[in-house]
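Here is a short briefing on selected contacts and surfaces. Read it with the coordinates open.

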Amino acid sequence: FTVGDTISSTVDHCHLPRITTMVVGSSNPPLQVVLGSRASSDSSATQCAAESSAIRSNSTAYILGTSAYPRLGSGLKLKIDGRVPMEDRKAPLSQFRPKSLLLSTFRVVAINISSTLSTYFSDQLTSEQDNEKLVDDGEITPYEADEMNEEWESREWQKRMDILPKKIGYALLRFHACTALMRFYELIIGRYILCVDGNARLESGSIPGRDNSTYEHSVDVMDKLTRDPFQASLRTSQILHNQEHSPGKVLSSDGKETSTSSELYKQMYTTCFWANIIPFLAELTVQHGVLLYGYGVYYMEKKRRRKEREMSNSDGDEQCKDEQDETEPVDETAYALSILFRSSHLTFSRGVSLIAASVGGAVGSVIYPGWGAIFGIQIGDTSVGSLLD
């Protein structure tokens, strides 16, 4: 600030924690510098931040680099919803915090139990229908059908309950592997590709042609990749409702009048698509790892059996050995083609799931902002997975 500027310190009208706004009176419109965080985890604070941003829309708010956001430099603009850029980004080991760990464990356990029960009841209904068809054809009596149903229930229930703990364990391991990969990809992208983290941000200033606008664009891209769809749905819905110039009508980004629901769907589709790129990439990486591991175990087991067979037939006909050696390259070629086919199928499936999840999150945000986005993303992902996997 220059000498002679009038600086007044005020507290935000919504009484958000750790917020101080400094207004430099000499600029027109006045320059606002925000110290600390403008966002809170509860919805009321989020709404207040959005309202505060809308009230002061005639001026520009900037972030002063503080200890609360050490990865950001000074001079970055706040988002339209009052967020600090990359505010939704999670810490590297945040999934192991007690609350997050408890919620993620409960979620994984609930999903696996519900899927096991739904599959069991579906198979039970199919089995009973088949037995009833046999009764109608006169092949068995109703009494025999009841006995077969009871036998199926006891056998299948015990089998699935025995498998369930192992299934939950694998699901938890897979969840934490995906989460760790997400944080790793965020680290690689933030530090080495976009150069917005730590020393990489400071060193990027010496790169020729990289100015502040390029850095702001990199921060904006990283912010899109690490958005929280739940909070984004609440914030976007609140902002659009505040911008309504008539009931249910807003101006779109291209200046045309459109319905609030359509604009919310459009914005949330883009938000969900960006926010799900890294999670879906991590999931695809884990699936490829499982695929390669399975094929590797199969190949080594097949190779071991062939070696044992060759040793047991070492005194056999040499011609049989030559024929077996000639077929070996064909087996390896078919093996590689099978891996390539399965890998391509996985990549295509996850790509379609990404689009379906984004559509589901956008539709869910229109129906019920917040949780609607979460359930919509989940439904879109699982529906495509059940069709293509």
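E283 and R174 pair through their side chains in a salt bridge at 2.5 Å, N to O. E283 sits in helix α8 (residues 277-312) and R174 in helix α3, so the bridge ties together parts 109 residues apart in sequence. This is a predicted model, where local features need pLDDT of at least 70, side-chain atom pairs count only at pLDDT 80 or more, and totals for chains, interfaces and linings use all residues. Residues are numbered from 1 along each chain as its sequence is written, and side-chain values use heavy atoms, with hydrogens and water left out.

**Salt bridges**
- A salt bridge here is a side-chain nitrogen of Lys or Arg within 4 Å of a carboxyl oxygen of Asp or Glu.
- The structure holds 17 of them.
- E283 is buried at 17% relative accessible area, while R174 is partly exposed at 35%. (Buried means under 20% relative accessible area, exposed over 50%, partly exposed in between, with a 1.4 Å probe and protein chains only.)
- K159 and E156 meet in a salt bridge at 3.3 Å, N to O.
- Both lie in helix α3 (residues 142-193), three residues apart, about one turn. (Helices are DSSP runs of H or I, at least four residues, numbered from the N terminus.)
- K159 is partly exposed at 42%, whereas E156 is buried at 8%.
- R305 and E301 also form a salt bridge, 3.3 Å from N to O.
- These two are four residues apart in helix α8, about one helical turn.
- R305 is exposed at 52%; E301 is partly exposed at 29%.
- Salt bridges with shared partners join D123, R155, E156, K159 and R160 into one network.

**Nonpolar surface patch**
- Y265, V363, V366, I367, Y368, W371, I374, F375 and I379 form a nonpolar patch on the surface, with about 920 Å² of accessible area together.
- Helices α9 (318-367) and α10 (371-388) each give two or more residues to the patch.
- α10 gives the most, with four residues.
- V366 belongs to helix α9 and is partly exposed at 32% relative accessibility.
- Such a patch takes residues with over 30% relative accessible area and no salt bridge, joining nonpolar side chains (Val, Leu, Ile, Met, Phe, Trp, Tyr) within 5 Å and like charges within 9 Å.
- Accessible areas come from the Shrake-Rupley method with a 1.4 Å probe; for residues, only the protein chains shown count as cover.

**Helix α6**
- α6 (residues 229-242) has 14 residues and reaches 20 Å from first C-alpha to last, close to the 20 Å expected at 1.5 Å a residue. (The expected span is 1.5 Å times one less than the number of residues.)
- Eleven of its 14 residues are buried, including F230, R235 and L240.
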